[in-house]
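Subject: Structure handover and notes

Dear colleague,

I am passing on the structure below, together with its sequence, and would ask you to keep it open while you read my notes.

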Amino acid sequence: MASAQDQVNLIMQLRRRGIRDPKVLRAIETVPRELFVDEAFSDHAYQDIALPIECGQTISQPFVVAFMTEKLALEPTHKVLEIGTGSGYQAAVLSHLCRRVYTVERWRELQKAAELRLAELKINNVTTIIGDGWLGWPPQAPFDRIIVTAAALDAPAALLDQLKDGGRMIIPLGETRDSQSLVQIDKTEEGLVETPLLPVRFVPLVHGRVKRD
Ligand code: SAH
């Protein structure tokens with residue numbers, strides 16, 4: 001079993017690694033990561049490592065979740081789109097910092113499990129959707145912020161379209177797993193401005209939703 005001390009240690013580690021926004025640290029502190037990992041890994045829930053989840057996917061490393069969340073620079077009024085629900089952990093963290101989160105996952109099994117966890121935590125400002133994240137979620141566009149938690153070669157055009165003017169997207173881009181970089185894309189009056197942030201390793205953003213699972 002992970003202890004309360006493990007959780008405190010994680011927050012201290014995130015601070016040491018440069019996460020400064022108290023609201024982001026508080027959100028991470030509020031969400032019990034052990035609920036989002038397989039029971040077999042619950043002892044490791046508060047270590048700063050990625051862990052396997054169902055369907056061959058991964059829950060991101062807490063530092064990367066905190067870093068991406070901080071870079072989103074969320075306001076309480078923001079409507080956010082997440083691509084790649086996975087365990088639902090990142091969405092749970094976001095839910096404490098903005099008005100509403102829409103999160104898209106291609107595996108029904110993951111979407112259902114994430115929804116149950118979010119309900120258990122009484123988080124009611126996250127909507128989970130089964131679909132192809134390459135297409136975004138047009139019914140709720142435009143979004144103030146978009147966070148993509150799977151890697152693509154280029155930012156999907158539909159997602160750029162669904163980003164508000166003045167909005168920001170955080171997305172891992174790169175040809176191979178070993179050459180990915182987390183990129184911040186700002187939609188400004190002068191056009192899209194890309195800022196590389198950090199080398200990362202994400203599972204790929206796959207085309208199409210899973211038809212049978
Ligand atoms: N944010 C997650 C971790 C994401 S792992 C968490 O907090 O746990 C990346 C996820 O993206 C996987 O669950 C994978 O199935 C999903 N994914 C990959 N391609 C996708 C696509 N085209 N549309 C929606 N989800 C996709």
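The notes that follow cover helix packing, the nonpolar cores, a few loop residues and some backbone details.

Please bear in mind that this is a predicted model, in which local features need pLDDT of at least 70 and side-chain atom pairs count only at pLDDT 80 or more, while totals for chains, interfaces and linings use all residues. Residues are numbered from 1 along each chain as its sequence is written, and side-chain values use heavy atoms, with hydrogens and water left out.

Helix packing

Helix H1 (residues 4-16) and helix H2 (residues 22-30) pack at an angle of about 155 degrees, and their axes are 10 Å apart; helices (H or I, at least four residues) and strands (E, at least two) are DSSP runs, numbered from the N terminus. Axes here are lines fitted to C-alpha atoms, for helices over the stretch in contact, and angles run from 0 to 180 degrees between N-to-C directions. H1 and H2 are therefore roughly antiparallel, a term used for angles over 145 degrees. On the H1 side, Gln7, Ile11, Leu14 and Arg15 meet Leu25, Ile28 and Glu29 of H2, where contact means heavy atoms within 4.5 Å. By class, this contact has 4 nonpolar, 1 polar and 2 charged residues, with Ala, Val, Leu, Ile, Met, Phe, Trp, Tyr, Cys and Pro counted as nonpolar, Asp, Glu, Lys and Arg as charged, and the others, Gly among them, as polar.

Nonpolar cores

The largest nonpolar core has 44 residues, and those with the most contacts inside it are Leu14, Ile19, Ile28 and Tyr89. Such a core is a set of buried Ala, Val, Leu, Ile, Met, Phe, Trp, Tyr and Cys residues joined through side-chain atoms within 4.5 Å, and buried means under 20% relative accessible area, exposed over 50% and partly exposed in between (1.4 Å probe, protein chains only). H1, H2, helix H3 (62-72), helix H4 (89-95) and helix H5 (108-120) each supply at least two residues of this core, and its largest share, 7 residues, comes from H3. Apart from this core lies another, of 22 residues, among them Ile129, Leu160, Met169 and Val183. H3 itself is mostly covered, since 10 of its 11 residues are buried.

Loop residues

Alanine 50 sits in the loop between H2 and strand E1 (51-52) and is partly exposed, with a relative accessible area of 43%. Its C-alpha atom is separated by 7.4 Å from that of proline 62, 12 residues away along the chain. Serine 60, in the loop between strand E2 (58-59) and H3, counts as buried at 18% relative accessibility. Leaving out residues up to four places away in sequence, serine 60 touches Arg33, Ile49, Ala50, Val65 and Phe202.

Backbone details

Most residues other than glycine have a negative phi, and most peptide bonds are trans. Alanine 73, however, which follows H3, has a positive phi near 50 degrees and is partly exposed at 35% relative accessible area. Lysine 122 likewise has a positive phi, near 55 degrees; lysine 122 lies in the loop between H5 and strand E5 and counts as exposed at 70% relative accessibility. The peptide bond from alanine 141 to proline 142 is cis, with omega near 0 degrees, and proline 142 is found in the loop between strand E5 (126-130) and strand E6 (143-148).

Best wishes

How values were computed:
Angles under 35 degrees count as roughly parallel, over 145 as roughly antiparallel, 65 to 115 as roughly perpendicular and the rest as oblique.
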